[in-house]
Amino acid sequence: MSMTDPIADFLTRIRNAQSAGHAETKCGASKIKTAIAKVLADEGYIAGYTVEAQGAKSVLAVQLKYHHGRPVIERLERLSRPGLRAYRGKDALPKVLGGLGVAIVSTSQGVMTDRQARAGGHGGEVLCVVS
């Protein structure tokens with residue numbers, strides 16, 4: 001069975017694992033998923049991630065983070081999807097919760113936060129928002 005939106009599946013796995021109280025979740029690795037995990041780790045939303053080689057395929061393991069028993073990530077929502085891509089210029093990038101949250105943007109310079117994209121003068125595809 002083919003998957004039409006692997007990024008949405010990755011985000012859903014994180015949401016489901018956190019609601020179940022798991023310490024870690026795993027999914028198939030790709031460059032874009034690894035880049036999203038790197039941004040989440042740099043912003044402090046997850047404890048870390050590792051890419052493990054299992055035969056011919058790689059697995060991305062994400063270590064989840066909790067604060068006083070509650071998940072650090074309260075909202076993890078996919079904005080751009082295969083049926084309706086969400087491209088924004090540098091001036092139109094969303095500010096999540098007035099700057100308290102983060103929008104993850106895929107630009108020509110790589111995957112980065114909305115703040116980094118604005119500072120670098122880049123627009124791109126808004127993949128998801130995290131708060």
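Predicted model: local features only at pLDDT ≥ 70, side-chain atom pairs only at ≥ 80, totals over all residues.
Residues are numbered from 1 along each chain as its sequence is written, and side-chain values use heavy atoms, with hydrogens and water left out. Helices (H or I, at least four residues) and strands (E, at least two) are DSSP runs, numbered from the N terminus.

**Helix α2**

- Let's start with α2, which covers residues 31-42, twelve residues in all. From first C-alpha to last it reaches 16 Å, close to the 16 Å expected at 1.5 Å a residue (the expected span is 1.5 Å times one less than the number of residues).
- Which residues of α2 are buried? They are Lys-33, Ile-36, Ala-37, Val-39 and Leu-40 (buried means under 20% relative accessible area, exposed over 50%, partly exposed in between, with a 1.4 Å probe and protein chains only).
- Looking down the axis of α2, those buried residues fall within an arc of 160 degrees, so they line one face of the helix (the arc is that of the directions from the helix axis to the C-beta atoms).
- Over on the other side of α2, Lys-31 and Asp-42 are exposed.
- After α2 comes Gly-44, with a positive phi near 85 degrees.

**Strands**

- Strands β1 (residues 24-28) and β3 (residues 57-64) run antiparallel and are joined by five bridges (two strands pair if DSSP finds at least two bridges between them). Glu-24 has Gln-63 in β3 as its bridge partner.
- Strand β2 (residues 46-54) also pairs with β3 in the antiparallel sense, over eight bridges. Here Ala-53 is partnered with Ser-58 in β3.
- β2 and β3 make a hairpin with two residues between them, and Gly-55 in the turn has a positive phi of about 70 degrees.

**Salt bridges**

- How many salt bridges turn up in the whole structure? The search finds eight (a salt bridge is a side-chain nitrogen of Lys or Arg within 4 Å of a carboxyl oxygen of Asp or Glu).
- One of them joins Arg-78 and Asp-5 at 3.0 Å, N to O. This pair links distant parts of the chain, 73 residues apart: Arg-78 sits in strand β6 (residues 76-78), and Asp-5 in the segment before α1 (6-20). Both Arg-78 and Asp-5 are buried.
- Asp-9 and Arg-13 form another, at 2.9 Å, N to O. Both lie in α1, four residues apart, about one turn of the helix. Asp-9 is partly exposed at 22% relative accessible area, and Arg-13 is partly exposed at 35%.
- In helix α3 (residues 114-120), Asp-114 and Arg-118 are four residues apart, or about one helical turn, and their side chains meet at 3.2 Å, N to O. Asp-114 counts as buried at 2% relative accessibility, whereas Arg-118 is partly exposed at 27%.

**Nonpolar cores**

- The largest nonpolar core has 22 residues, and Phe-10, Ile-14, Ile-36, Leu-40, Ile-73, Ile-104 and Val-130 have the most contacts inside it (a core is a set of buried Ala, Val, Leu, Ile, Met, Phe, Trp, Tyr and Cys residues joined through side-chain atoms within 4.5 Å).
- α1, α2, β3, β8 (102-107) and β10 (124-130) each supply at least two residues of this core, and α1 gives the most, with five.
- Leaving aside neighbours within four places in sequence, Ile-14 is in contact with Thr-25, Leu-40, Leu-64, Ile-73 and Leu-76 (contact means heavy atoms within 4.5 Å).
- A second, separate core has eight residues, including Val-96, Met-112, Ala-117 and Val-129.
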